[in-house]
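Please walk through this structure with me. We begin at the place where two chains meet.

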Amino acid sequence: MEQLTNLIISDRELATISSLLIKLMGDTNATSALLIDKSGQVVAMQGTGVRRDATNLGALLAGVFSSSREVAKLLNEKDFRNIFQQGVQENIYTSMIEEQWLLVIIFDRLTHIGLVKVLSKKASEELGRILERVRSDTTRTKSSVINVQFRSSVEDTIDLLFRD
Amino acid sequence: MALINIASHEIHCKIVYYGIGYCGKTTNLQYVHKSINPSARGEMLSIATETERTLFFDFLPLDLGTILGFRTRFHLYTVPGQILYERTRLAVLNGADGIVFVVDSQAERFEENAQSIAELETNMNRIGKDLHNFPFVIQWNKRDMPSALPVPLLERYLNRRGVPSFEAIASDGQGVFATLRAISKNVMAQL
């Protein structure tokens with residue numbers, strides 16, 4: 001497969017992802033659900049608690065996950081597919097989707113981890129199918145966004161903003 | 001890997017500052033954070049040890065504003081420079097769209113710099129990327145130090161690919177934005 005340098009998420013796929021996250025939140029009684037790219041960028045989020053801190057949360061959770069995979073390698077483990085972080089009030093369950101995305105569920109004491117695990121796994125399978133579609137659509141839709149005009153406008157903005 | 005979200009009209013790119021311990025990676029980000037229009041930057045996040053050395057990474061989100069309807073964001077990261085954190089560097093490199101290699105120009109750091117570039121190449125291969133075909137610039141930092149090696153010598157041994165390079169004194173901001181402009185444009189050109 002051609003190595004992609006970017007991923008393009010369409011309106012339709014984002015709507016599908018968002019409704020999947022809402023359903024997952026409802027079924028597990030979680031407080032928030034996020035889909036994060038492995039680079040730390042937030043693809044989609046649902047729930048109210050994390051909105052303000054989402055950018056930092058994405059960077060940190062992706063870092064933690066990436067770091068734990070290196071730990072796995074040191075133990076001759078293929079990788080750790082899931083991470084569970086347990087707090088007094090809030091807990092976070094993170095699972096990897098197809099080496100590209102991370103599904104993050106934030107939940108409190110009203111929810112049981114077992115339920116989150118099972119339903120996350122189901123949701124991960126569906127998200128894996130969405131990711132496959134996103135990958136195959138990316139090459140086709142890229143030229144509609146990243147055109148000559150866009151590139152030149154970005155360059156102008158970079159010159160304007162990143163100046164001494 | 002850059003993320004283009006058509007529904008929310010956002011583009012995100014990840015730029016990683018790589019290099020040996022005390023070469024000035026964090027200083028680059030701190031200067032950008034201090035000097036850029038505050039409306040264009042988020043909070044800078046540093047995961048450091050008690051002695052202020054980077055333990056995991058520094059993170060600075062920058063917002064270029066809306067360009068032809070797309071909100072364009074660059075996320076700047078540094079890696080921890082100390083040798084023992086190699087696996088952590090690999091973790092932070094994951095998903096990068098562009099790399100700035102910050103070189104400490106001092107003669108006594110030359111060997112470490114050379115080893116660090118070699119490590120970067122290996123780590124890129126590990127995550128399935130080829131540094132030859134990747135947005136990559138070099139910054140010759142600490143040009144004000146008495147033992148700084150001449151730039152042509154550094155170019156010859158540390159920049160054999162001839163990627164864009166910039167002289168800098170990151171502590172007073174010289175060369176910081178020139179480097180950032182170059183890598184940002186390079187990343188956008190590869191999108």
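**Where chain A meets chain B**

Two salt bridges are counted between chain A and chain B. A salt bridge here is a side-chain nitrogen of Lys or Arg within 4 Å of a carboxyl oxygen of Asp or Glu. Glu70(A) makes one with Arg87(B); their closest N and O atoms lie 2.9 Å apart.

A word on the basis. This is a predicted model, in which local features need pLDDT of at least 70, side-chain atom pairs count only at pLDDT 80 or more, and totals for chains, interfaces and linings use all residues. Residues are numbered from 1 along each chain as its sequence is written, chains are lettered from A and ligands numbered from 1 in the order in which they are written, and side-chain values use heavy atoms, with hydrogens and water left out.

Polar contacts also cross the interface. The rule finds 15 residue pairs, both at pLDDT 80 or more. Such a contact is a pair of N or O atoms within 3.5 Å; within protein, one must be able to donate a hydrogen and the other to accept it, and residues adjacent in sequence count only if both atoms are side-chain atoms.

Which elements of chain A give two or more residues to the side that touches chain B? They are β1 (6-9), α1 (11-28), β3 (42-47), α2 (54-74), α3 (113-145) and α4 (148-161). The largest share, eleven residues, comes from α2(A). Helices (H or I, at least four residues) and strands (E, at least two) are DSSP runs, numbered from the N terminus.

Now the extent of the interface. In chain A, 45 residues are in contact (heavy atoms within 4.5 Å) with 50 residues of chain B. The buried area is about 4400 Å², and carbon and sulfur atoms give 64% of it. Buried area is the accessible area (1.4 Å probe) that two parts lose on being put together, summed over both.

β1(A) runs parallel to β1 (residues 2-5) of chain B, joined by four bridges; pairing needs at least two DSSP bridges. Ile8(A) stands opposite Ile4(B) in that strand, β1(B).

Finally, take chain A by itself. It has four helices and six strands. From the N terminus, their order is β-α-β-β-α-β-β-β-α-α. The C-alpha trace spans about 50 × 35 × 35 Å along its principal axes. Of the 164 residues in chain A, 51% are buried, meaning under 20% relative accessible area (1.4 Å probe, protein chains only).

Note on methods. Buried means under 20% relative accessible area, exposed over 50%, partly exposed in between (1.4 Å probe, protein chains only).
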